[in-house]
Amino acid sequence: MGNRITDLFGIQYPIIQAGMVWASGWRLASAVSNAGGLGIIGAGSMYPEVLREHIEKCKLATNKPFGVNVPMLYPDLEKLMEIIVELDVKIVFTSAGNPKTWTTYLKDRGIIVVHVVSSVKFALKAEEAGVDAIVAEGFEAGGHNGRDETTTLTLIPAVKEKISIPLIAAGGIATGRSMLAVMVLGADGVQVGSRFVASNEASSHPLFKQKVVEAGEGATQLTLKELAPVRLIKNKFYSDIQKAYAGCATVEELKSLLGRARAKKGMFEGDMEEGELEIGQVAAIIHEIKPAAQIVMDMMEEFTIAKAEVKHL
Ligand SMILES: Cc1cc2nc3c(=O)[nH]c(=O)nc-3n(C[C@H](O)[C@H](O)[C@H](O)COP(=O)(O)O)c2cc1C
């Protein structure tokens, strides 16, 4: 299928595999790109030289387009950007920061820039900054998110009403039917995160993948709004956060509870109790770990069937 998103990236299907810390390295990104979607390397958990290695390996593993996700909270941002430019990466998704800071720099170097937002206000800022497309991410999504708790169902039409550049929906999308739903609401494509964590190629720890498959309704919560709001699985670490809130913890106390490397401990090293396990509400309908290409194919097949079905409504 062809539309503004497939044309922008030069891909077959408007399915973007989200850049995700500790999950989306070159193996996952290249598998998705080879399957006709857009694979993205998540630079947020990589030292600059590790990112270099992933980009180089991704180029060897696919001749299809792929991108790099850069959360702008990253401490050594200049280094990452230098590597991205030096290695001639064609597509960059920025998140968690001001889109004005890097968009011109990247676009001047011929790079397609997409910015992730969770509100209409920031979608407008991103469009004004000159990005090529926007990812609008709803409250259901795994990982870091906005404070306003706007769900995907509300956010997509609201953003669509205000912007004219291509729009990618994220948050709660793991099937062809949900893909069709957000496209009916005005999205040109989808960014899928949690579904790809439970893939063979994700670099997430096997215990975390299993936890995602077992997660049911109500298994996740958006928390730590005072720091950077994040949706995670309710494990011991989450209970400790709740206890801290009950004890009226200060921001400093919350910061020290979070500490350093919690996300790595959970999602990469497999500590299911003390680690931070970022995943979306949609984990409740993810029941098996599959090859990434299978995820893309299943989504497209279901999308086509559902599209034919709704003709009868
Ligand atoms: C494990 C995990 C790690 C994530 N890391 C990042 C990240 O590094 N940068 C980013 O922009 N978004 C990150 N996200 C958010 C995703 O990019 C994506 O927008 C989100 O997962 C979409 O919602 P879904 O999980 O319901 O599919 C992460 C999400 C998950 C589940």
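1. Basis. Because the model is predicted, local features require pLDDT of at least 70 and side-chain atom pairs count only at pLDDT 80 or more, while totals for chains, interfaces and linings use all residues. Residues are numbered from 1 along each chain as its sequence is written, and side-chain values use heavy atoms, with hydrogens and water left out.

2. Domains. The protein chain is divided into domain 1 (4-203 + 283-310) and domain 2 (216-282), with bounds from an automatic or database domain assignment. Their centres, taken over C-alpha atoms, are separated by 23 Å. Across the boundary, 21 residues of domain 1 are in contact with 20 residues of domain 2 (contact: heavy atoms within 4.5 Å).

3. Parallel sheet. Eight strands form an open sheet with parallel pairing, in the order β1-β9-β8-β6-β5-β4-β3-β2. Strands (E, at least two residues) and helices (H or I, at least four) are DSSP runs numbered from the N terminus; two strands pair if DSSP finds at least two bridges between them. The edge strands, β1 (15-17) and β2 (39-42), each pair on one side only. Neighbouring strands are turned by 25 degrees against each other on average, direction ignored.

4. Detail of this sheet. β6 (residues 133-137) and β8 (residues 167-170) pair in the parallel sense over 4 bridges; Val135 has Ile168 in β8 as its bridge partner. Helix α2 (residues 26-34) packs on the sheet, touching β1, β2 and β3 (66-71), and its direction makes about 165 degrees with that of β2. Axes are lines fitted to C-alpha atoms, for helices over the stretch in contact, and angles run from 0 to 180 degrees between N-to-C directions.

5. Antiparallel sheet. An open sheet of 3 strands has the order β7-β11-β10, with antiparallel pairing. Since β7 (143-144) and β10 (220-223) each have a single partner strand, one side of each is left without a neighbour in the sheet. β7 pairs with β11 (residues 230-233) over 2 bridges, and His144 stands opposite Val230 in β11. Helix α11 (residues 236-246) lies across β10 and β11, at about 45 degrees to β10.

6. Cavity. The count comes to 1 cavity of 30 Å³ or more (on a 1 Å grid over the protein atoms alone, a set of points where a 1.4 Å probe fits but cannot get out). The volume of the largest cavity is about 30 Å³, being the space filled by probe spheres set on the points. Its lining residues, with an atom within 4 Å of a point, include Ser118, Glu137 and Arg147. By class, the lining has no nonpolar, 4 polar and 4 charged residues, with Asp, Glu, Lys and Arg counted as charged, Ala, Val, Leu, Ile, Met, Phe, Trp, Tyr, Cys and Pro as nonpolar, and the others as polar.

Note on methods
1 Å grid on protein atoms, 1.4 Å probe; cavity = no way out; pocket = protein on both sides within 12 Å on 5 of 7 lines; lining within 4 Å.
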